[in-house]
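Here is a short tour for anyone who likes to see the numbers beside the picture.

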Number of protein chains: 2
Amino acid sequence: LNVLVNGHESACVDAADRGLQYGDGLFETLAVHAGTPLLWSEHMQRLADGCARLRLPPPDPECLQREVMQVCAGQERAVAKVIITAGVAGRGYRRESAAPPTRVVSAHAWPAYPDSYAREGVAVRWCDTVLGINPRLAGIKHLNRLEHVLARAEWAMEFAEGLMCDSEGYVVEGTMSNVFAVIGATVLTPAVTVTGVAGVMRSQVLQWVRAQGYACHEKRMTPAVLEAADEIFLTNSIIGVWPVRTLASRSYALGETTYKIQKATEAAQCFYTVA
Amino acid sequence: LNVLVNGHESACVDAADRGLQYGDGLFETLAVHAGTPLLWSEHMQRLADGCARLRLPPPDPECLQREVMQVCAGQERAVAKVIITAGVAGRGYRRESAAPPTRVVSAHAWPAYPDSYAREGVAVRWCDTVLGINPRLAGIKHLNRLEHVLARAEWAMEFAEGLMCDSEGYVVEGTMSNVFAVIGATVLTPAVTVTGVAGVMRSQVLQWVRAQGYACHEKRMTPAVLEAADEIFLTNSIIGVWPVRTLASRSYALGETTYKIQKATEAAQCFYTVA
């Protein structure tokens with residue numbers, strides 16, 4: 001698999017890089033279709049927001065796009081990952097100098113999820129691992145992902161995803177996805193203002209449901225609210241929309257609203273189906 | 001400066017390493033005096049605890065000690081840093097295989113803190129950046145340190161340290177140190193059961209004050225309790241004990257208890273003075 005580190009074909013990152021030392025950086029994971037990165041400007045906007053939040057220089061989207069296309073060249077479908085770190089600097093939490101950021105651009109095989117995940121829905125569990133609350137890190141896709149790693153380690157393959165709550169007990173997201181609930185004609189998703197990731201596909205879905213006139217709220221919600229919902233679905237840039245078939249002791253029928261949203265995101269070519 | 005990656009003289013870590021990708025790993029920072037790492041067994045115990053918590057294989061302390069002595073060879077005083085990560089694995093939060101951990105051992109110059117810090121005390125501020133609460137990560141010295149990086153970025157050099165609270169408003173620690181309060185004949189330090197780092201020097205101080213018969217508690221405390229204390233001091237493996245001279249609008253006289261603890265830790269050769 002292809003990797004570019006600061007534009008050079010290399011798998012080598014300096015051991016003194018603040019990305020390794022402290023997780024001082026950001027990343028994006030995106031779908032690439034026949035050489036074209038999907039939802040590119042949305043991913044670049046979130047990355048720029050993250051850089052502003054971490055006080056890193058803004059990335060050059062044209063340079064990154066060239067590199068993403070380079071590592072994914074010749075692949076019908078691929079996952080591209082872009083990492084931006086605070087670069088190489090001395091020991092200590094303080095960034096001593098304005099070191100140039102490090103960028104790592106890599107291509108990965110498209111994941112082999114069963115077709116049934118998108119068509120028939122997935123089995124989902126609750127995770128015990130919580131997400132710490134920190135408004136300064138909320139929403140951005142930073143490199144401090146131990147909580148998600150520990151949550152994902154709670155099960156093997158018997159569930160497609162696990163849902164996480166924050167340290168106050170409110171639902172936040174899946175380990176690798178955002179979560180939505182449909183209750184009557186209302187669409188809800190957890191706010192990501194105190195923790196969690198503001199997913200690019202999450203934003204696409206929010207735009208679409210608002211444009212369609214659904215009542216739509218981003219708010220904190222308890223696990224009980226989610227479990228009592230009519231429909232639940234998961235989103236991310238690679239999976240698109242997955243309906244949830246079971247969560248804890250609840251089963252959900254395949255819902256009409258979820259189906260419409262799934263079709264809309266596919267039709268808008270912000271995502272394309274497996275089949 | 002000397003760096004060993006998996007025992008080889010190299011500054012290169014694989015870009016796919018989970019330490020970079022997710023902060024999936026741990027570190028230790030320790031003082032090395034004339035080739036001897038100080039408080040070695042204590043650092044190795046905390047590292048082993050961290051590995052157990054993150055479900056990483058336990059490190060080989062003899063191998064690490066050899067490598068620490070190798071990178072610090074010939075230096076009268078040095079700081080050694082040991083990083084253990086979950087190693088190289090595919091994309092995704094799930095550790096797909098039992099990849100061997102990556103270890104990075106590096107030597108760094110002893111920091112040039114003014115002598116006055118230990119003798120006359122330091123000026124300290126409150127940080128706005130909070131620490132998220134997560135019992136599964138509390139106490140261990142993991143690689144997810146963005147909160148500390150952001151806190152340390154709140155000031156330049158006008159303070160020696162900044163104190164951080166958790167997301168519920170309780171005092172936790174300094175960005176690079178633990179904090180103690182002396183109130184009458186009682187010594188207090190924040191518990192590190194929901195967030196924070198269980199510092200090796202913190203443990204040394206707790207042992208000593210308990211052996212001396214002080215009343216001593218690890219508990220959650222508010223900033224107001226800390227500000228109202230008779231004495232405050234900071235600890236870590238490199239600085240030893242620094243008395244706090246000012247915090248916010250409070251000034252503190254150099255306290256007798258702090259002085260005794262400082263001398264005791266130095267005399268026990270778990271730390272040695274600059275002068």
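The sections below go from the relation between the chains to rings, a helix and a few single residues.

## Two chains and their relation

Please keep in mind that this is a predicted model. Chain A is superposed on chain B by a rotation of 180°, with 0.0 Å of shift along the axis and an RMSD of 0.0 Å. That is the relation of a two-fold axis.

How do the copies meet? Of the interface residues of chain A, 100% are also interface residues in chain B, so the copies meet through the same surface.

## Aromatic rings

Over all chains, the count of aromatic pairs comes to twelve. One of them joins Y22(A) and Y93(A), with 5.0 Å centre to centre and 55° between the planes, which makes the pair tilted. Its partners come from distant parts of the chain, 71 residues apart: Y22(A) belongs to helix 1 (residues 18–22) of chain A, while Y93(A) is in the loop between strand 6 (77–85) and strand 7 (102–109) of chain A. Both Y22(A) and Y93(A) are buried.

A stacked pair is found in chain B, where F180(B) and F233(B) have 4.9 Å centre to centre and 5° between the planes. Here too, distant parts of the chain are linked: F180(B) sits in strand 11 (residues 178–183) of chain B and F233(B) in strand 14 (residues 231–236) of chain B, 53 residues apart. F180(B) is buried, as is F233(B). Back in chain A, one aromatic cluster is formed by Y113(A), Y117(A) and W242(A).

## Arginine over tryptophan

In chain A, R152(A) lies over the face of W155(A), 4.0 Å from the ring centre. In chain B, the charged end of R152(B) sits over the ring of W155(B), at 4.0 Å from its centre.

## Helix 6 of chain A

After helix 6 of chain A comes G213(A), with a positive phi near 85°.

H108(B) is part of strand 7 (residues 102–109) of chain B. Why does H108(B) count as buried? Its relative accessibility is 15%, and buried means under 20%. The side chain of H108(B) also makes a polar contact, at 2.7 Å, with the side chain of S106(B).

A191(B) lies in the loop between strand 12 (186–189) and helix 6 (200–211) of chain B. Apart from neighbours within four places in sequence, A191(B) contacts R202(B), E218(B), K219(B) and R220(B). The C-alpha atoms of A191(B) and T129(B), which are 62 residues apart along the chain, are separated by 19 Å.

N6(B) is not a glycine, yet has a positive phi of about 50°. N6(B) is in the loop between strand 1 (3–5) and strand 2 (8–9) of chain B, and is partly exposed, with a relative accessible area of 31%.

A34(B), another residue other than glycine, has a positive phi near 50°. The loop between strand 4 (25–33) and strand 5 (36–37) of chain B holds A34(B).

Key:
Residues numbered from 1 in each chain as written. Chains lettered and ligands numbered in written order. Predicted model: local features only at pLDDT ≥ 70, side-chain atom pairs only at ≥ 80, totals over all residues. Heavy atoms only, no water. Least-squares fit on C-alpha atoms with pLDDT ≥ 70 in both. Contact = heavy atoms within 4.5 Å. Phe/Tyr/Trp six-rings, centres within 6.5 Å; stacked < 30°, edge-to-face > 60°. Helix = DSSP H or I, 4+ residues; strand = E, 2+ residues; numbered from the N terminus. Buried < 20%, exposed > 50% of the residue type's maximum accessible area, 1.4 Å probe, protein only. Lys NZ or Arg CZ within 6 Å of the ring centre and 35° of its normal. Polar contact = N/O pair within 3.5 Å; in protein donor to acceptor, adjacent residues only side chain to side chain.
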